[in-house]
Amino acid sequence: MTAPLHGLRVVDLTMVWAGPFGTRMLGDYGAEVIKVESPRQWDLLRGLGLIPRDVPRWYNRSGYFNHNNRDKYGFALDLSNETGREVLLKLCEVSDVIVENYRADVMDKLGLDYDTVRGRNPNIIYVSMPGHGKTGPEKDFVAYGTNVEQLAGLVSISGYEGEGPMKTGFSYGDPMAGTALVAAVAMAVRKRNRTGEGSYVEVAQRENLTAFVGEYLVDYSMNRELRAPAGNRHPHIAPHNCYRSAGDDAWLTIACEDDDQFRALCTVIGRPELADDERFSTGAARKANEAELDAIIEAWTAERGHYEAMHILQRAGVPAGAVLTIPELMSDPQLRSREAWVAQTHPDAGTWEMESPPWLLSRTPGHIRLPAPGFGEHNSYVLREVLHFDEQTIARLYAEGVTADDPDEGLHR
Amino acid sequence: MPQPLEGLRVLEIGNFVSAPYCGKLFSGYGADVIKIEPPGGDVSRTHGPFKDGVPNPETSALFLYLNTGKRSVELPLDEPAGRDAFLRLVETADVVIENFRPADLRALGLTYDDLSAVNPRVTLVSITPFGQQGPYADYRGNNLTTFAMAGQMYITGTDDGGPLKNGGYQADYQGGLNGFSAAMLGVLAAERDATGQHIDVSVQHCMAPILEAGIPYYSYLGRWNRGRRGNHMASFIGIYPCADGHLGIHIMPRNWKPFTDAIDRPDLFEDPRFVTQADRTVHNDELMAEFYAWAATENKHELYERAGKMRAPIAFVHTMQDLLESPQLNARGFLTTIAHPVAGEATYPGPPWWIGPDGWSAGRAPLLGEHTEQVLRDVAGLSSAATEGVAGGRP
């Protein structure tokens, strides 16, 4: 069946992670995404692939780049050049969506602001993905990956019990903004289908992530009390923790939501009497005595592998989950059975496994149709078949360095 | 200008966080969202934190936040009359959101086949820890166990402290947002083709690939860095305690000059140990010691404002109080006050993304069963007598 975004052309100016991750999913689900990079300033993920610089076209072999940019076409265009900007506007005339994640002032300074683009294509869907938004006193402040969750309030409620705030193990705000981008674009497309009008859409990364701690904000506004980090524990569910398993740095989580699950846990660990012990027989009692309870549970988990313990507990109806490492994720039977990892071939980088489109749409599934573009790989397609430029114009763009088939590597070594 | 999701009717039979967050987004952007609550209500009503710390199903901050703008219908789906009434609502719906264990949904007789039999245009969005198929599909999961099984937990925290869940219900929220994005693709396809489908969202599958470069480095290069890095990716990317809170710095090569300017430390800029990012990495521990000493006496608000204006990448760890008082969030109108008849007034985050001045609306959360009669009568077309037999749950 035809993919949900079939027929939608997206001009993608985004770099690094949040934007490219989001536009990649637009591509996964059928959009034609044209990724624009400057011959002198490519997407810096090309340089973060740990590829030795003496390998031919090393910048096309970055796994980090190639995972986040598949299902896109690559077009080299210098936006610092006036001719380049004019080419971009022409591209917007024949496109449906433009996405950018520059700092708030950059597109305005380039003369590629919403009003200018809309002047060339009145129905354009123009999406900005700034850290703080395009307005407000902090709009021009720098906010990189790790800052977003700090600004969103999440870090203040994360951390071990009795200790200070702790960051998430990765730049959490980025992929959440990318995921939101798909919804934001789809909503704007729906609106255009119904009204004939385009939209200006703004995914301010800190606001998108603040929505993930909304109950804490509502709570604070009602009660004026700050909640301290609680580690892996829960305000009133117990047991709810991470327990040591057999092996090196191996761990298992258990979170019992009711008395039945707790009773099943007690039976599995050979301590059925605990379910009726007054220290643990009710949720409130378990919460009050959870340190004692955690020690009893860990005595059992520490003797077993994390996967083994998870399966034993799950068969008895106890919510338990192994703490999986990256190698374990890539061999996990559930993710394998879902075909979460699929082998793909890239002309420069070879064949390896990457993640499949995450959401399974039964009638209109996503697909990996294209490997990530090599630098400037689809210049000809974009210039000739999308923009319909004549050969003389194209030759001039190359001669002036507005486009190029090879990047200026000197700036990136 | 109409809201972007105007004209859509969404039924939510989900509990707790993931499916309700998905439903909340539908509601905020203009859809008519009918939340079906089991007799007694969504389990989040029993979770705090409550207004004034007093348990009350109408004052749970978690429920109030996740269910803004919805209508509430109290309906026992596990009884024939309740199921029948629900299926009459499905006839009028564009989207159904659920987060039951697949076996439990089958037991209710509310699978995609059951729904599409009464309305072939309906899109069913299932948000579950592991997805609809596979060896763990019917395993029990929740926020903590899903965070673990999806790889985000192993890399959060310190080596000594062990894997750490981050605050709140982050696995559940990720499920809700992914469910919404997937659902919107389903809406576009359904409106184009006049046919619905089943959308299967596995939270584990959504979460596992997004560990920065972790998966590509391992999959493509066979490289894997065991362990956890606590609050520091490096000395120059991390969190430091300051006089009244915590600072977060994230220095890319081009920021070294503005950073040392903003903290008024030209000596660090001149120091031959710290000239390039590679130098700073080699002398990581020495630089970290400098940063700890520097940060200890700084005031977070004052520094943040000064550094921001100088384009130095210094943020601070915002507490809920900082969010509420944030000049940026207030200037943008992101924070909104919503009044509720039982809980009173509270401040809520606004639209996660902005799509026009009228794109988002913020109604209050419903009382339990507040719209049962209205919805069963006006939407399901049941007579008052029939409504009475169904509403209010079990006799």
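**Exercise 1. Find how strand β5 (residues 125-128) of chain A is joined to β6(A), and which residue stands opposite A:Val127.**

Let's start with the pairing: β5 and β6 of chain A run parallel and are joined by 4 bridges. Strands here are DSSP runs (E, at least two residues), helices are H or I runs of at least four, both numbered from the N terminus, and two strands pair if DSSP finds at least two bridges between them. Within β6(A), A:Val201 is opposite A:Val127.

A word on the model: it is predicted, with pLDDT of at least 70 needed for local features and 80 or more for side-chain atom pairs, while totals for chains, interfaces and linings use all residues. Residues are numbered from 1 along each chain as written, and chains are lettered from A and ligands numbered from 1 in written order.

**Exercise 2. Work out which residues A:Val127 touches.**

Contact means C-beta atoms, placed from the backbone, within 7 Å. Leaving out residues up to four places away in sequence, A:Val127 touches A:Val97, A:Val99, A:Leu181, A:Ala184, A:Val185, A:Val201 and A:Val203.

**Exercise 3. Find which strand of chain B pairs with strand β12 (residues 360-361) of chain A.**

The partner is β8 (residues 197-202) of chain B, antiparallel over 2 bridges. There, B:Asp200 is the bridge partner of A:Leu360.

Technical notes: Two residues are in contact if their C-beta atoms, placed from the backbone, lie within 7 Å.
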